[in-house]
Amino acid sequence: MLVFEAKLEGTKEQYERLDEAIRTARFVRNSCLRYWMDNKGEQVGRYQLNIYCAVLAKKFPWAKKLNSMARQASAERAWSAIARFYENCKKKIPGKKGFPKFKKYKTRDSVEYKTSGWKLSEDRRTITFTDGFKAGSFKMWGTRDLHFYQLKQIKRVRVVRRADGYYVQFCIDQERLEEREPTGTVIGLDVGLNHFYTDSDGQTVENPRHLRKSEKALKRLQRRLAKTQKGSKNRQKAKNRLGRKHLKVSRQRKDFAVKTALCVVRSNDLVAYEDLRVRNLVKNHNLAKSISDAAWSTFRQWVEYFGKVFGVATVAVAPQYTSQNCSNCGENVQKSLSMRTHRCPHCGFVADRDHNAAINILELGLRTVGHTGINASGDIDLCLGGETPQGKSSRGKRKPHQ
């Protein structure tokens, strides 16, 4: 599956109608979740939730304005959360099992259509929403050309609201495979906070620290928001400025992770990395912000995705003792986190701590069968179970001068 994204250009009235559609989709999703909570003993499943969508359309006339397939997509979102909760309970995952919650209003929200409720123009540059809300036609600004794909390949169309506007995403039924010449090189990666990663050859990539560099501006915008009166237009404007800044930081972080992962995969025939549990690592409140800013999970997801695209083996190894064991003789050398240099008293081997760990990771990767295939984009979990991340956004393309 491929996901292409473009920004929508319309009028203020059209955006308000899109907001109504998004609000209705959220209502249907929450209503299906409430229906499941009230009828747990009756074995409510995905099929029953789809039937309940028709009941909501008869009961609420304004809910009937939303396309029938869009209502079913909202019900599928509710069932996705329920099924994930059941799966976590069966696996007996320690801690919270992720009980489904009601969705509240937030800046980033969406409504999803299937094969009806929308129509593309002949030049594939304009999309028209034909459901009861009558949002009309929107011009799409994007660098991806939809002419290469047939209309029947477009399985889902999602409208996403962000701090800087409205975007449309197309989920296309197309497998992405690209050819590359073998390089004959293998690499082991040890991610960190001092450097983004250190490879088994001793090369390092600096940690960009996007959030740290933007903290001063974020604090200033947060103070301005706190000084505004609740419910006022100035508060809404200040909130939008703060949201845009956070959105820029997240885009910078993702862009760096994607480009770095692509460079690593295309340059090697095998990539080995640690199978880190980032959710447990961020429980350390002294390092949680820096770990989140490094985006190790995003980097790993894109490495695995590009490994599938280019046919490169990606291996996740256990992180235990990769920093403690000596890569030269294999003896265990205990060291604290503050010790950045590995000195083996048994063989006299001296190396950087991360370089020593990267060599151990590569050695484990060469003799371990890894696993691949996790989703590289949280935006497409409902796109038929797709595992392909969305296309690069085209928000930076300028409009031609009249």
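Predicted model: local features only at pLDDT ≥ 70, side-chain atom pairs only at ≥ 80, totals over all residues.
Colleague: How many helices and strands does the secondary structure of the protein come to?
Modeller: The protein has 402 residues, of which 46% are buried. Its C-alpha atoms fill a box of roughly 80 × 60 × 50 Å along the principal axes. The secondary structure comes to 10 helices and 14 strands.

Colleague: Among contacts with a separation of 6 or more, what percentage do residues 24 or more positions apart account for?
Modeller: The count concerns contacts in the protein with a separation of 6 or more. Within that set, the share of residues 24 or more positions apart is 70%.

Colleague: How far apart are the closest N and O atoms in the salt bridge between Asp-109 and Arg-26?
Modeller: The structure holds 22 salt bridges. In this one, the closest N and O atoms of Asp-109 and Arg-26 are 2.8 Å apart. The pair links distant parts of the chain, with Asp-109 in strand β2 and Arg-26 in helix α1, 83 residues apart. Both Asp-109 and Arg-26 are buried, and the N to O distance asked for is 2.8 Å.

Colleague: Which residue meets Asp-164 in a salt bridge?
Modeller: Asp-164 lies in the loop between β6 (154-162) and β7 (165-172) and its partner in helix α6, so the pair ties together parts that are 87 residues apart in sequence. Both residues are buried. The N to O distance is 3.0 Å, and the partner is Arg-251.

Colleague: Is Glu-215 buried or exposed?
Modeller: Glu-215 and Arg-212 both lie in helix α5, about one turn of the helix apart, and their side chains meet in a salt bridge of 3.8 Å, N to O. Arg-212 is partly exposed, with a relative accessible area of 36%. Because its relative accessibility is 17%, Glu-215 counts as buried.

Colleague: Arg-124 is buried yet has no salt bridge; which is the nearest side chain of opposite charge?
Modeller: Arg-124 is found in the loop between β3 (118-120) and β4 (126-129). Leaving aside residues up to four places away in sequence, Arg-124 touches Met-140, Leu-146, His-147, Tyr-149 and Leu-151. A salt bridge requires a nitrogen-oxygen distance within 4 Å. The nearest side chain of opposite charge is 6.8 Å away and belongs to Asp-145.

Colleague: Which helix gives the most to the positive patch?
Modeller: The positive surface patch includes Lys-12, Lys-216, Lys-219, Arg-220 and Lys-237. Lys-219 is exposed, with a relative accessible area of 51%. Two helices, α5 (210-227) and α6 (233-266), each supply at least two residues of the patch. With 6 residues, the helix that gives the most is α5.

Colleague: How far apart are the mean positions of the positive and negative charges of the protein?
Modeller: The protein has 80 positive and 40 negative charges.

Colleague: Is Ala-295 buried or exposed?
Modeller: Ala-295 has a positive phi of about 60 degrees although it is not a glycine. Its place is the loop between α8 (288-294) and α9 (296-310). Since its relative accessible area is 9%, under the 20% limit, Ala-295 is buried.

Colleague: What is the relative accessible area of Tyr-321?
Modeller: Tyr-321 is not a glycine, yet has a positive phi of about 65 degrees. Tyr-321 lies in the loop between β12 (313-317) and β13 (341-343). Tyr-321 is exposed, and its relative accessible area is 53%.

Conventions. Residues numbered from 1 in each chain as written. Heavy atoms only, no water. Helix = DSSP H or I, 4+ residues; strand = E, 2+ residues; numbered from the N terminus. Buried < 20%, exposed > 50% of the residue type's maximum accessible area, 1.4 Å probe, protein only. Lys, Arg positive; Asp, Glu negative; His and termini not counted. Contact = heavy atoms within 4.5 Å. Patch = residues over 30% accessible without salt bridge, like charges linked within 9 Å, V, L, I, M, F, W, Y side chains within 5 Å. Areas by Shrake-Rupley, 256 points an atom, 1.4 Å probe, with all protein chains shown as cover. Charge placed at Lys NZ, Arg CZ, Asp CG, Glu CD.
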